[in-house]
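Colleague: Could you walk me through this fold? I'd like to go strand by strand.

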Amino acid sequence: MTSLQVENVQLNTGAKMPLLGLGTWLSEKGKVGEAVQEALKIGYRHIDCAHIYGNEDEIGEALAASFTGDVAKRCDVFVTSKLWSTDFAPGDVEPACRLTLKNLQLNYVDLYLLHWPVRCRHGCPPPGQLADDDIIGYSPELIAETWKEMEKLQAAGLVKAIGVSNFTIQQLTALLETADTVPAVNQVESHPHFQQNALKEFCSSKGIVFEAYSPLGAPSRPPRAKKEGSAVLLEDEVLTSLSEKYGCSPAQVSLAWAYSKKIVTIPKTVTPARLKQNLESVTVKLDDEDIKKIDGIDKDIRLLYGGWAHKKGQTAHDFWGGSGV
Ligand SMILES: NC(=O)c1ccc[n+]([C@@H]2O[C@H](COP(=O)([O-])OP(=O)(O)OC[C@H]3O[C@@H](n4cnc5c(N)ncnc54)[C@H](OP(=O)(O)O)[C@@H]3O)[C@@H](O)[C@H]2O)c1
């Protein structure tokens, strides 16, 4: 297993980012540390984290143990974290980054993302418990102000690259008008049922790496309630029939499809057998006609529509600029 090679994509900083990593959202404390250690042991070299996931301290212990135990070298592991919306005001950005570094027991992260294009009141509770006036919202000026602070983190060496997450074409366009540094990455929902091809092409035209979250269609979360046409990705008959053809799982077909297109994916699991299975997806080589079949199952429906981040009276359509809602 350790000889299994995952290809890299090159960021606009020149750094290399492995095309497959481990996601950690909803990876419970008590399990996430073991999952990260096992992942590094079997060959993962990319871990996706975020302050809001509430588990960076346990991930930090796992990283420290892996680096001192010779499982992996720090310089060979690509670690991402994300600045949460409550820390977007200029005076809050560096302290939040330093807290993440302390929790992760690192001197730097390889990539630091603005988690959502939305500012919230400093110190307010997490999504699900927000009051209407906790959400300050999106504006190009607010994002430009936070982005300047992100550029300072990069200049100070606390983070090697900076990027964004959940940004639309319109929001990226506005950011590019004022940014000195082009975001290295835009991490967004993408999988065969929600491919986001227009956004992918836009990112590629600007040298921004398109990174796919929920690449398995987040099977533990229900498909968009009451949304007509919404379905469980891993039960899609195109994926299940291809899984029989290639002798692998539907999850591996989905990951292999993204890998064939050089899309970065970060499937989450805390289950050892699935860690191995997901990593081994890079050995599944789909024929061109099967890749096209999967291209054809796009439903253009978001699973994660970020209802918490919508300002009072704002619809999902307004928030996402009409994409995937
Ligand atoms: N930037 C953002 O706003 C944002 C939003 C969402 C996600 N993310 C990142 O992207 C990562 C992945 O997205 P996600 O967690 O939403 O969804 P996902 O990776 O598509 O799906 C994760 C779910 O799939 C299960 N699973 C994993 N491997 C499997 C396999 N081989 N077969 C069947 N089921 C499998 C996992 O269960 P077990 O763990 O029980 O095995 C878990 O319930 C997150 O963890 C996070 O790091 C970022």
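Predicted model: local features only at pLDDT ≥ 70, side-chain atom pairs only at ≥ 80, totals over all residues.

Colleague: In what order do the seven strands of the open sheet run?

Modeller: Strands (E, at least two residues) and helices (H or I, at least four) are DSSP runs, numbered from the N terminus. Two strands pair if DSSP finds at least two bridges between them. Pairing in this open sheet is parallel, and the order is β3-β4-β5-β8-β9-β10-β11.

Colleague: Which strands stand at the edges?

Modeller: An edge strand here has a single partner, so one side of it is left without a neighbour in the sheet. That is the case for β3 (46-48) and β11 (264-265).

Colleague: Which residue stands opposite E211 in β11?

Modeller: β10 and β11 run parallel and are joined by two bridges. Over in β11, the residue opposite E211 is V264.

Colleague: How many bridges pair β9 with β10?

Modeller: V185 has V209 as its bridge partner in β10, and V188 stands opposite A212. Strand β9 covers residues 185-189 and β10 covers 209-213, and their parallel pairing runs over five bridges.

Colleague: What is the handedness of the β-α-β unit made by β9, α6 and β10?

Modeller: A crossover is right-handed if, with the strands pointing away from the viewer, the path from the first strand over the helix to the second runs clockwise. Helix α6 (residues 197-205) is the helix of this unit, and the unit is right-handed.

Colleague: At roughly what angle do the axes of α2 and α3 cross, and is that oblique or roughly parallel?

Modeller: Axes are lines fitted to C-alpha atoms, for helices over the stretch in contact, and angles run from 0 to 180 degrees between N-to-C directions. Angles under 35 degrees count as roughly parallel, over 145 as roughly antiparallel, 65 to 115 as roughly perpendicular and the rest as oblique. The axes of α2 (residues 56-68) and α3 come within 6 Å and cross at roughly 50 degrees. That makes α2 to α3 oblique.

Colleague: What phi does A218 have, given that it is not a glycine?

Modeller: Most residues other than glycine have a negative phi. A218 is in the loop between β10 and α7 (237-246), and it counts as buried with 22 C-beta neighbours inside 10 Å. Its phi is positive, about 45 degrees.

Colleague: And L26: buried, exposed or partly exposed?

Modeller: L26 sits in the loop between β2 (16-18) and α1 (32-42). Its phi is positive too, about 70 degrees, although L26 is not a glycine. With 14 C-beta neighbours inside 10 Å, L26 counts as partly exposed.

Terms used. Residues numbered from 1 in each chain as written. Buried ≥ 20, exposed ≤ 12 C-beta atoms within 10 Å, placed from the backbone.
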